[in-house]
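Visitor: I have a model open and would like to go through it with someone. Could we take it piece by piece?

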Amino acid sequence: MNQVIAYFSTIPSSHRSLILVGGITFFWIIENTFPLFRMQYKKWHHAGINFFLTLTTIIINFLLAFILIKTAFWTTEHNFGILQWLPEIPILVYTLIGLLLLDLIGAYLPHYIQHKIKFLWRFHIVHHTDTWIDTTTANRHHPGESVIRFVFTALGVLIVGTPMWMVFLYQTLSVVATQFNHANISLPNKLDVFLSYFIVSPNMHKVHHHYVVPYTDSNYGNIFSIWDRIFGTFTTLDKDKLVYGVDTHMMPEENNKLKNLLKIPFQKSRSIKNS
């Protein structure tokens, strides 16, 4: 465990980039070999849109990274935050508690809030407009949402009292987990159900991308599925009934053109569930 801490304390940006690109490449190959759905779409055009939005997220996180670093160092230097107030416990338990709390405050909570507050939903809806969910969808976020997510991540680091190595570890796990649960892959049903008791499995997250409520407003988890189960937001739906997208933006000119996707938060609201 000490080696893990040492690695993530000084993880080079090049390694983080390699994990991002490597994950997409790996799941891209898998979903082409064992697809959940045989989707008829221009995969490279679709990927190009999502890669552009991924790039904007990377740039925003890079520009704001100093806030995260300063927050993490401040919590450890001033013994502030939940982890700092814990008695001495085994490092593995300490790490698991920290990752779970970061997942709750930095991922589950903002995801839930973005579905409930109309102004925030305007940005998050861009992620839901994707009618072809695959591994590239994982980072399909409007630049405005990337800023919103960053604010909650920084808040999570502050409240949890997270050391920087744990922040990097969480972000790495988050990247791989979201690429995995968005990937258009077909797992044996029993394996998917088993995984869903611990982490957000592909079939579990696909329910969240069903085009109408109440399914859209369920399964908010990022890495761990425990929060959906605790807070009653866990839902299942047979994969044969899945229809991806969001009911207010089902036309290709609305959901498959980058220019329009960037404009959506500033257009007149047409949301049925959040109008």
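Guide: What follows is a conversation about helices, salt bridges and a few backbone details in a predicted model.

Visitor: Let's start with helix 7. How many residues does helix 7 have, and how far does it reach?

Guide: Helix 7 covers residues 143-160, which is 18 residues, and it reaches 26 Å from its first C-alpha to its last, close to the 26 Å expected at 1.5 Å a residue. Just after helix 7, Gly161 takes a positive phi of about 75°.

Visitor: Which residues of helix 7 are buried?

Guide: The buried residues include Gly144, Glu145, Ile148, Phe150, Phe152 and Val157. Among the elements that cover the buried residues of helix 7 are helix 3 (43-77), helix 5 (91-116) and helix 8 (164-182).

Visitor: How far apart are Leu64 and Phe150?

Guide: Leu64 and Phe150 are 86 residues apart in sequence, while their C-alpha atoms are 8.1 Å apart in space. Leu64 lies in helix 3, and at a relative accessible area of 23% Leu64 is partly exposed.

Visitor: How many salt bridges does the structure hold?

Guide: The structure holds 5 salt bridges. One of them joins the side chains of Asp217 and Lys116 at 3.9 Å, N to O, and this pair links distant parts of the chain, with Asp217 in the loop between helix 10 and helix 11 and Lys116 in helix 5, 101 residues apart. Lys116 counts as partly exposed, at 42% relative accessibility.

Visitor: And Arg140, what does Arg140 pair with?

Guide: Arg140 forms a salt bridge with Asp130, and their closest N and O atoms are 3.4 Å apart. Both residues lie in the loop between helix 6 and helix 7, so the pair ties together parts that are 10 residues apart in sequence.

Visitor: Switching to the backbone, where does the chain have a cis peptide bond?

Guide: The peptide bond from Val213 to Pro214 is cis, with omega near 5°, and Pro214 lies in the loop between helix 10 (202-208) and helix 11 (226-230).

Visitor: What is phi for Asn79 and for Asn219?

Guide: Asn79 has a positive phi of about 50° although it is not a glycine, and phi of Asn219 is also positive, near 50°. Asn79 is placed in the loop between helix 3 and helix 4 and counts as partly exposed at 48% relative accessibility. Asn219 lies in the loop between helix 10 and helix 11 and counts as buried at 0%.

Visitor: What about the surface, which residues make a nonpolar patch?

Guide: Leu55, Ile58, Ile59, Phe62 and Leu63 make a nonpolar surface patch of about 520 Å². Of these, Ile58 lies in helix 3 and is partly exposed, with a relative accessible area of 39%.

Methods
Residues are numbered from 1 along each chain as its sequence is written. This is a predicted model: local features need pLDDT of at least 70, side-chain atom pairs count only at pLDDT 80 or more; totals for chains, interfaces and linings use all residues. Side-chain values use heavy atoms; hydrogens and water are left out. Helices (H or I, at least four residues) and strands (E, at least two) are DSSP runs, numbered from the N terminus. The expected span of a helix is 1.5 Å times one less than its number of residues. Buried means under 20% relative accessible area, exposed over 50%, partly exposed in between (1.4 Å probe, protein chains only). Contact means heavy atoms within 4.5 Å. Patches are made of residues with over 30% relative accessible area and no salt bridge: like charges are joined within 9 Å, nonpolar side chains (Val, Leu, Ile, Met, Phe, Trp, Tyr) within 5 Å. Accessible areas come from the Shrake-Rupley method with a 1.4 Å probe; for residues, only the protein chains shown count as cover. A salt bridge is a side-chain nitrogen of Lys or Arg within 4 Å of a carboxyl oxygen of Asp or Glu.
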